[in-house]
Amino acid sequence: QTGTVSGRVVDEKNQGLPGVTVLVEGTTIGNSTNSDGTFSIQNVPAGPQTLAVSFVGYTTKRQPVTVVAGQNATVAIALAENTTLLNEAVVVGYGTQRRQDVTGSLTTVSSKDFVQGQVTNPEQLIQGKAAGVQITTGGGAPGAASTIRIRGGSSLNASNDPLIVIDGVPVDNTSVSGAANALSLINPNDIDTYTVLKDASATAIYGSRASNGVILITTKKGVSGEKLTVNVNSQTSLSRRYNSVPVLSADQFRSTVEQVAPNQVKLLGSSKTNWQDEIFRSAMTYDNTISLTGAVGKLPFRASYGNLEQQGILITNRLIRNTGSLSLNPVLLDNHLRVNMNVKGSWIDNNFADNGAVGSAIAFDPTQPVRSGNEGLGGYFEYLQNAGGAPQQNVPRNPLAQLNLTRDRSSVKRSIGNIQLDYSLHFLPDLHANLNLGYDITRGNGSKFVDPNAASTYFNVPLDPKNTTSRGGSFNQYSQDRNNKLLETYLNYTKQFGGNNRVELLAGYSYQDFVTKAPAYATYLADGAVFKAAATNPFRTQYTILSFYGRANVTINDRYVFTGTLRNDASSRFPSSNRNALFPAASLAWRIKEESFLKDNTTFSDLKLRVGYGITGQQDVVAAAGSDYPYIQRYTLNTPVSQYGFYDPKTGTFTYYTPYSPQGFNSNLKWEQTTTYNAGLDYGFLDGRLNGSVDVYYRKTKDLLAVIPIPLETNFTNQLVSNVGSLENKGVEFNLNAIPVQGEHWNWSINANATYNVNKILSLGPQVPGFKGIETNSGGSVSGGTGTTIGIYSVGAPSSSFYVYKQVYDTNGKPLQDVYADLNGDGVINTNDRYLYKQSAPKVILGFSSNASYDRLSLAFTLRSNLDNYVYNNVNSQNGNYQGILGSSNFLSNVTRDANHTQFTNTTQARYSSDYYIQNGSFLRMENVTLGYNVGKVFNDKGTLRLTAAVQNAFLITKYTGLDPEIFNGIDNNIYPRPRTFTFGLNLSL
Amino acid sequence: SSALVVAPSCTKDLDRTPTYDLSTATIYKDLAGYQAVAAKVYSGFAITGGQGPDATTGDIQGIDQGTSDYIRQLWSAQELTTDEAVIAWGDPGVQDWHNMNWTSSGVLVRGLYSRILYEVTLCNGFLAEATDSKLSDRGISGADAATVKAFRAEVRFLRALAYYHALDLYGNVPFSTETDQIGGITPPKQIKRADLFAYIESELKAIDADLVAPGQNLYGRADKAAAWALLARLYLNAEVYTGTARYADCSTYAKKVIDSGAYSLSPKYGNLFRTDNYTNKEIIFAIAYDGKRTQTYGGTTFLTHAAVSGTADANWNPARYGIGGGWGGIRTTTKLYEQFADTAADTRGKFVTGGQSRDIVSQTDFKYGYVPVKFKNVSSTGVAGTDPTFVDTDFPIFRLADVYLMYAEAALRGSGDRTLALNYVNLVRTRAFKNTAAGNITASDLTLDFLLNERSREMFWEATRRTDLIRYGRFTTAAYLWPWKGGVAAGVAVPDTRNLFPIPAADLSVNSNLVQNPGY
């Protein structure tokens, strides 16, 4: 005895909502809505029933309906946009879940909460928006790479980058030749939602690449049944440098030289040049995106085109990006087949500027002119040898010549796309078969031309010794192809039963393959003569990951939610004996609010306790091992400049061999494993106007993939990537959303998040006393101090610890030149007197966002703060002394103002390792302030218009004496300044 | 894991192998492969890695790549620690050499140790694949097999040379041969200095039959005389290494080199250190450089650039040395300058003095100290090298004059013909004094002290000074002081433990078989 239920699901604007799940509660019967929002459910048992209607971003509704046998009952259902987010469907690995069923730790940031203003790289959208997520841009250059860390780094030398999945395609986020930031190839305007998966119970479904968290990016999609909408988003920005590296002005420099070294005064020039003013400019950015969203018949789609032209504030620096995206998501076969197709393409043209010019502008003598007045060396002032007019070697170079005599361009094309088929079986609609085919293809190429007049390349001479006429300049080119492909297929079974019980089962298989190729090119002089021969072999590398995974999500009584996941990964980067690894995770959520004692409590609108445990892996050893084949004994052909020759006196000829170099290899290499424990509490008060979460976590990584010293004579190297030791991260995350004011005119919402993370190395394998650890510059380098390492991996200390001498000061607090504390008390100051001091990673990260509106006017801002992060002021350790004045009898270098404080004269290089230069880099930055005005209906009610005015990087409060303390590896040298940017934007919808 | 069975075709995709790199099986399939690896073994003394001097990493990690060069590091340990050289720079550890306050955690102490033992490993790797049985398994026979076997003997020589440096500098080092597995996890055992001495001795004698006759090999490859010269040096210092003097053996092997007749003194001393020194008949064995094909920031590129002021001015014209500009690093103390009573008469005593102060007021300021620019990137006829940055000049490891002086010293220490010794010394001095007898000495002049000084005059900046001073008991003691010895301006004695460098903490840490040298 059954009947039919049909109807239409609409949103608040009375427009049909497609794809909504309509289930008859307590049964397996249900259906999804069509493109116009209508649905029909057959064979519904007669009697009073309840329909559970759920959809992403909307509050799930339970609508009673009485079914009469043999008849059709019609219902009209209006879904409200979700405010409390409780029932919101959130994107998780391989699918979506209702937020209430989520047992892991994750943070969602959707487009309405994104950072506004000039955001040209996608990751900047959520800077300061999510607890536990640290995003550090690599400076102010257009397209600069950012470093993303989720809950600190879990590894030492393997990658600490999170896995980024865009519309179901795990993308390669390592830098591409010609584009430092692989994410910069995505137009931020196309992005709809970020979901950050943080603990193992959320990430373990991604197994081997999940130890550093997973970022799921969902792009905007068309909606079925919706009318066509054209959206134009246009931003014009002006960027300006707002501070300078504190060096001496021409006048100050002159008087300092007169005071410090009277016999060097003769080297002073007569100009007054502010080199930093010379190399920087006010830069314009034009960022326009036009999108068309809607549906043609039954085909919902979204198409967009974006054009970005961003000037860097360093002269000659510019980026042009064209992006296009198309997404189609039709529902076919009587609603049984959902198709989700995405194609994104972008084309970036870069004009790079030599970052070294930033350092040159700091050090170049401000009393010297930009131009020499004669024609040699392009007319630029440079230091010359007495004989012949050749430039001096190893002297500061004119920063303007450095920039203007170099043409460094690249062009990078990238396309990411996939087609995802979700088929709900006709005979068993609860069972979905999913197939996802994706690709990520990049073509990068570029070239760098240095003018023959440039002093830096003056001594470049042709490879052919018989060619005595060519000289100077250089031309080199590069290109790189990446072809990454993805095949994924999984089965998903969801069943609601017994009222408030639910089961979701998932089992899948994934195959991903990554190929990178690059040809070998010769290097030429400016006139085309060969300077260096091309390597014999081109470059090609490939790796493959093959996985099986499964997940069970069980909800009992809407109160107890259990999630278990299991993933088996195999990576071609490991020997077959260690290739497979199993990554399990389990988590439990207790929705306390649903318990009888809280059910009717009006103070709490939500209370959920989550506990989780899981193991994730790490296989990205490329940076540490230098290859995708770390376990194979390889012989690599030397380059043409690394040959070895023998001479035959009888014939008078040389025979040169190009050696094959055996490489270090680790045939025992295996996965790094991170075990995560997480406990969290989601809370909501006052009908959700106050909600958020608190999480505590403990993560321990064992079998660390670390580059460590190995016993000499056991391998073709002295350091090798090995599974050794362990480290831990523990921390607390706090997230709060509040709506202090909600009214007809006034509205105000805020978000506050805080993260506290402590990182500690627990073991680095067997050690003897006297071995402090592995000295490192964390991927950076100490400018001026060849061979100096400022950091160390040491047991018991954070991985970002500094390792320095303890500076001794006089009674006035002035540092004493070359005087350091004899910390081991042996009467000698040597490298053994260094100590562990502070860390570059922030212990606390804070984010605060506010959005207030009065009718059509709104004011939003985002504040960010890092606390207890220390910075090595390499600008001062290099230039904060009188070496620049005393060091040469041929030229002078400018010094920072700190030189007049320290008054260091002929100091030794040990100063590079002084703790005097480790400074507190805690800061508070006003990331963005945006004033918006919603003009409302324009063009005879045909469109809506919103205008914005924004200031990026509005202010920075810090005690740090350098330019900007926000530097990921904590070594401040020649950072490309982050400018202050004023943006005017308009957003028009038609 | 039953699911794994479902996709057998895909699991094969997990066996990814490099596209262009070769495996042990594919490299050693023919003669060319053996030659390419033998060339690697030779080049291990000359350059820092396979991908060029500007690559991000070289063979040795944890040290600046340019600094990690074998010759540059060996030179620093042998010269910067003595009266013959000081350096202006402050790279971590570089001042420790002269100040004699290096530590087991020093980056340079570890860098040199790593470089030497890496070279041993390269040799072991080649030798393990070059056995007779492996050659026949791979179908390499006839002339090809003979060529491989010739390289095999030379590689054993190169291993003995590297082990000799380990013996001389570090004493008791980890020890392995081609029978030990590479890529395993078992750390090698430590060998006692005296036992390593015996091993090197036996190796050099064992390969004698297989090495090419003196002067008959290609220049740059080792011959019998190279092995004899190394034996002579080994025996000359035997008392330091083992406690038992072996001067008779020293004079025997020195004599074998001299009597082979394959070598003759270069008529002009300076020509030994010019770009065309590969044609020089005096050089027994050298590390070969080429400005275009064998590039490094170490080796003679370092020795040339570092000895030229960074400032080109009236006193310093880098073009004179065939380079674009100097690095302003190395000079000498007054002690070497004073060895030359008459720098005009003795052609070896050429110092740049203009703009320089004689006394080392500060080690870190290039203008203090006269500079004997020994290595130049110009030919014997004054033609600049092929590249203004990378130097063409080869670095001599053994040359005839050194062998003459070794014989003389052994003779003087009671194991040789003193008349012959005087004759040899005067041959060296005649060449130094413009091929005249002006500098010749008499039998009564020929004392051990004279010989030590003569070695300094002849061999300065050729990486033998530290060994010589130790043999004379003057390296650490108060018997001989030089400016800034032990980090004190007037010079000071240091503990005798400084006669050996420490085993680096990094290796001690991962190899539990190792025991630190005494005093560290």
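Strands β45(A) and β48(A) pair in the antiparallel sense over four bridges, where two strands count as paired if DSSP finds at least two bridges between them. The model is a predicted one, in which local features need pLDDT of at least 70 and side-chain atom pairs count only at pLDDT 80 or more, while totals for chains, interfaces and linings use all residues. Residues are numbered from 1 along each chain as its sequence is written, and chains are lettered from A and ligands numbered from 1 in the order in which they are written.

**The β45–β48 pair of chain A**

- Within this pair, Ser801(A) stands opposite Gln839(A) of β48(A); helices (H or I, at least four residues) and strands (E, at least two) are DSSP runs, numbered from the N terminus.
- Strand β45 (residues 801–804) of chain A points Ser801(A) and Tyr803(A) one way and Phe802(A) and Val804(A) the other way, and all are buried, a residue being buried if 20 or more other C-beta atoms lie within 10 Å of its own, exposed if 12 or fewer, and partly exposed in between, with C-beta atoms placed from the backbone.
- Lys838(A) has its place in strand β48 (residues 835–839) of chain A, and its phi is near 55°, a positive value in a residue other than glycine.
- Lys838(A) counts as buried because it has 21 C-beta neighbours inside 10 Å.

**Another positive phi in chain A**

- Thr316(A), found in the loop between β19 (299–311) and β20 (318–328) of chain A, has a phi near 75°, which is positive although the residue is not glycine.
- Thr316(A) counts as buried because 21 C-beta neighbours lie inside 10 Å.

**Open sheets of chain A**

- Three strands of chain A form an open sheet in the order β4-β1-β7, with mixed pairing, and the edge strands, each pairing on one side only, are β4 (38–45) and β7 (72–78) of chain A.
- The twist in this sheet averages 25° from one strand to the next, with axes taken as lines fitted to C-alpha atoms, for helices over the stretch in contact, and angles running from 0 to 180 degrees between N-to-C directions.
- Strand β1 (residues 2–10) of chain A pairs with β7(A) in the parallel sense over seven bridges, and Ser6(A) has Thr74(A) of β7(A) as its bridge partner.
- An open sheet of three strands has the order β52-β51-β55 in chain A, and its pairing is mixed; β52 (918–920) and β55 (971–972) of chain A stand at its edges with a single partner strand each, so one side of each is left without a neighbour in the sheet.
- Strand β51 (residues 870–873) of chain A is joined to β52(A) by three bridges, and the two run antiparallel, with Gln919(A) of β52(A) as the bridge partner of Val871(A).

**Contacts between chains A and B**

- In this model 86 residues of chain A are in contact with 102 residues of chain B, contact meaning that the C-beta atoms of two residues, placed from the backbone, lie within 7 Å.
- On the side of chain A that touches chain B, the largest share, six residues, comes from β29(A).
- The residues of that side of chain A divide into 36 nonpolar, 42 polar and eight charged, where Ala, Val, Leu, Ile, Met, Phe, Trp, Tyr, Cys and Pro count as nonpolar, Asp, Glu, Lys and Arg as charged, and the others, Gly among them, as polar.

**Helix α3 of chain B**

- Helix α3 (residues 31–43) of chain B has 13 residues and reaches 18 Å from its first C-alpha to its last, close to the 18 Å expected at 1.5 Å a residue, the expected span being 1.5 Å times one less than the number of residues.
- Ten of the 13 residues of α3(B) are buried, so the helix is largely enclosed by the rest of the structure; among them are Tyr34(B), Val37(B), Lys40(B) and Tyr42(B).
- The cover over the buried residues of α3(B) includes β34 (644–648), β35 (653–657) and β36 (660–662) of chain A, together with α2 (24–27), α6 (107–129) and α8 (142–169) of chain B.

**Domains of chain B**

- Chain B is assigned domain 1 (22–55 + 103–210 + 490–520) and domain 2 (216–288 + 394–446), the bounds coming from an automatic or database domain assignment.
- The C-alpha centres of these two domains of chain B lie 25 Å apart, and 17 residues of domain 1 of chain B are in contact with 13 residues of domain 2 of chain B.
- On the side of domain 1 of chain B that touches domain 2 of chain B, α8(B) gives the most, with seven residues.
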